[in-house]
Amino acid sequence: MELGTDQEDAFGSGQISGEALGKANGSVDYTESTIGTIASVLSLHSVSRILNAFPNIEELMRVALEEALKISRGKHGFIALVNYHTGELTIGWVVGPGWTEEKRSTKFKLTREPGKGIEGYVALTGKPYLSGDLESDPHHYPLFEDSLSRMVVPLKERSGKTIGILSVSSDRYNAFDEKDLRIMQALADIAALAMSSADYHAREQKLIELGMELASQTDIDALLDKVVSTAIEILQADDCSLFLIEDGSKLILKASKGALKEHVGKAVYEIGEGLTGWVALNGEPIRLSDVRSDPRWRGRYTEVPVDEIGAFLAVPIMGRQSCKGVLRAIRKRPPDASYSNPFTPEDQNLLYMLASQVGAALDRVELQERLIEVERMAALGEMSARAAHMLGNKLFALKGALKELRIAQVTPGEERERLYAAIDGLIREMEELLQEFRYFVKSARVDRNPVELVLLLSEFVRQISHSTGEVSVHFETHLDEAWIEGDAERLKRCVGELIENAAHFTPQGGIITVSIEPSTHGEVMITVSDTGKGIPDEDKEKIFEPFYSTRAQGLGLGLAIVKSIVQAHGGTIEECGRYGEGAKFVITIPAAKLLHR
Amino acid sequence: MARILVVDDEELARELIKRRLERDGHKVDMAADETTAMRMISEAEPPYDVIVTDMVMDSEQSGLNVLKAALLRDIFTEVIILTAYGNVANAVECMKRGAYDYVEKNIPGVDVYDLLAMKVERAIEERRDILMTIHRLRLAEQLIHAREPKSSQTTCDDT
């Protein structure tokens with residue numbers, strides 16, 4: 001079913017017009033007179049009931065079955081659905097007396113083999129079947145002892161694919177005629193339409209969900225994994241793999257579920273090589289049943305042994321400017337060789353849509369990365385200029401002081417001591433500048449290991465509290481342990497910077513509180529608050545920008561470094577204190593495990 | 001002896017410049033920032049002969065602002081701009097706008113304090129020359145004025 005057609009809208013709103021119904025059934029073979037017959041036989045009331053119940057698939061199937069039985073004066077009826085993976089029909093809805101749990105769980109094989117059931121035969125051939133004398137019917141399988149006649153019609157999708165059957169039986173010989181069969185087929189068409197619509201909605205929902213995830217997630221690998229799972233689900237495929245183009249000439253496997261999973265990052269196609277490479281090269285999809293008969297087939301990496309591949313579908317992942325990779329899915333060959341389960345054009349469209357969502361997401365991530373890189377480079381350039389200027393000034397003073405010492409050897413010792421102290425001070429300032437510079441450059445790179453924050457930070461606060469002078473530092477938590485994947489040294493530096501900052505702006509006798517608590521979303525929150533003045537609302541964003549400083553010394557990178565480290569941990573930082581009541585910095589980092597007291 | 005103002009936000013630097021210039025026999029005042037410097041310049045009586053100012057202090061334009069204040073107070077005050085790495089363009093801009101010269105703070109192997117002292121001396125000479133020229137011009141003007149009424153009358157009589 002194609003997207004964006006009238007019927008989609010009609011189904012979407014839970015209502016269906018006669019026009020849409022006629023259009024949707026257009027591919028099924030029945031004539032004007034058939035519609036006339038249905039209208040005459042089914043009471044208008046029943047039809048409207050069916051149509052109104054459209055959004056509710058269960059209700060629709062039940063009504064369809066009841067109507068089928070009533071119209072044909074049959075005794076038993078059921079609708080069974082095809083499972084192409086197992087090659088079986090599973091009974092979904094039943095009507096009539098005497099249905100036991102055992103009978104309901106009967107499975108019909110999709111086969112031409114005699115005696116296995118007319119149902120399986122119809123599902124396989126896709127043609128209606130009428131038998132007035134079951135005892136002499138070659139395909140008949142006796143579900144009920146008293147069944148003497150049976151008619152079975154296929155439930156077909158618009159693409160012509162059989163998704164199930166409607167079967168009605170009677171305890172009379174020659175109970176049904178051609179007219180009954182046509183009415184059954186009309187009912188089956190409505191049922192099939194409802195089924196594929198419900199199915200379509202489920203798929204659409206999956207795509208929307210994935211789209212939302214693609215738009216918000218930043219962990220690309222997890223995202224690609226999710227794409228593959230979703231593709232398998234909506235296509236009812238057996239496996240799916242995702243390749244991305246790297247270095248402009250190679251397709252690297254990024255995600256897969258089955259046998260290829262362990263080759264992620266290792267399986268490589270040249271662009272143009274094999275079916276997958278062809279798709280990447282030409283930017284066009286490939287849909288095949290027998291892969292080996294295609295001259296482009298190389299079979300270098302397959303999700304299942306080549307013999308077992310029953311259907312192959314590969315679509316390009318298109319970005320804004322170029323092909324970014326290939327998304328491919330396979331279905332296994334059905335257990336019975338007499339039928340196949342190929343990918344339909346509709347499957348192809350779905351996978352194509354999925355792939356373009358991936359393409360857009362990749363574009364977005366790329367753009368973001370480039371933007372961050374540009375910002376970083378600009379900051380780095382700016383910082384280098386500033387650092388050079390500051391160091392230059394200090395060196396100038398240093399040079400002067402040394403010269404003064406040489407000339408002034410005759411000057412009193414007191415004067416000399418003052419110069420020495422000034423030189424010491426300058427050298428320390430220069431070292432601090434260089435260190436700040438280095439921290440900033442390195443702050444985006446973190447070495448992540450399991451870290452337990454409660455012990456780490458309580459110990460760190462204990463140590464640092466000796467160096468904050470007249471301001472005291474407290475540590476609070478309700479947690480026993482808070483494990484995250486992180487870089488202990490860098491995290492300590494973050495908290496250290498925040499404490500040092502707080503100490504600078506907190507008057508004597510003030511209190512700085514460091515706390516670790518779980519957030520409402522199960523993350524860990526590290527809060528550093530003080531009893532100073534706090535930060536005005538208009539500055540709350542600016543304080544994290546590089547070179548923003550209200551303090552005379554340094555490059556003004558302190559909070560920019562903190563932010564950079566927190567972000568490298570996949571976390572966020574914000575200042576959410578109220579101006580006049582003290583500053584309150586809250587770091588939120590995804591937690592691995594939290595143990596409550 | 002000249003009256004000099006040294007403006008630099010690095011305390012030790014301005015103090016060392018002051019010492020160096022004092023050794024040459026000048027009277028040196030100091031300012032730690034742009035605002036203080038501008039106030040001192042406008043209040044100075046007589047005006048400073050030479051002003052040595054860092055280019056980048058409160059802002060990238062600090063040196064330029066000090067220069068403007070200096071020229072506003074006395075158009076013949078000589079201003080020398082000090083620059084650390086990467087601010088030569090600004091210093092050149094200052095020269096286009098009337099600064100006497102600029103000195104880069106970090107020149108490998110060069111005693112910049114001596115270089116600065118030398119430039120200060122030349123600036124003082126320059127100012128002295130200009131003031132002298134002006135002085136002479138004034139004298140000449142006075143002489144001309146003194147003779148003028150007589151000569152013009154003579155001319156009138158002749159015609």
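Predicted model: local features only at pLDDT ≥ 70, side-chain atom pairs only at ≥ 80, totals over all residues.
When I say that two residues meet, I mean that their C-beta atoms, placed from the backbone, lie within 7 Å.

Helix α14(A), residues 488-505, packs against helix α15(A), residues 558-568, at an angle of about 145°, and their axes are 9 Å apart; the crossing of α14(A) and α15(A) is left-handed. From α14(A), the residues A:R490, A:R493, A:C494, A:E497, A:L498 and A:N501 meet A:G558, A:I561, A:V562, A:I565 and A:V566 of α15(A). Sorted by class, the residues of this contact are six nonpolar, two polar and three charged.

Now to the sheet, which is open and has five strands of chain A in the order β14-β16-β17-β19-β18, with mixed pairing. Strands β14 (472-477) and β18 (572-575) of chain A stand at the edges with a single partner strand each, so one side of each has no neighbour in the sheet. Within the sheet, β16(A), residues 511-518, and β17(A), residues 524-530, run antiparallel and are joined by seven bridges, and A:I512 stands opposite A:D530 in β17(A).

Which strands does α14(A) lie across? They are β14, β16, β17 and β19 of chain A, and the helix runs at about 20° to β17(A).

Finally, the contact between the chains takes 16 residues from chain A and 15 residues from chain B. On the side of chain B that touches chain A, α1(B) gives the largest share, four residues, and by class that side has eight nonpolar, three polar and four charged residues.

Methods
Residues numbered from 1 in each chain as written. Chains lettered and ligands numbered in written order. Helix = DSSP H or I, 4+ residues; strand = E, 2+ residues; numbered from the N terminus. Nonpolar A, V, L, I, M, F, W, Y, C, P; charged D, E, K, R; others polar. Axes fitted to C-alpha atoms, helices over the stretch in contact; angles between N-to-C directions. Left-handed = near helix turned anticlockwise from the far one by under 90°. Pairing = 2+ DSSP bridges.
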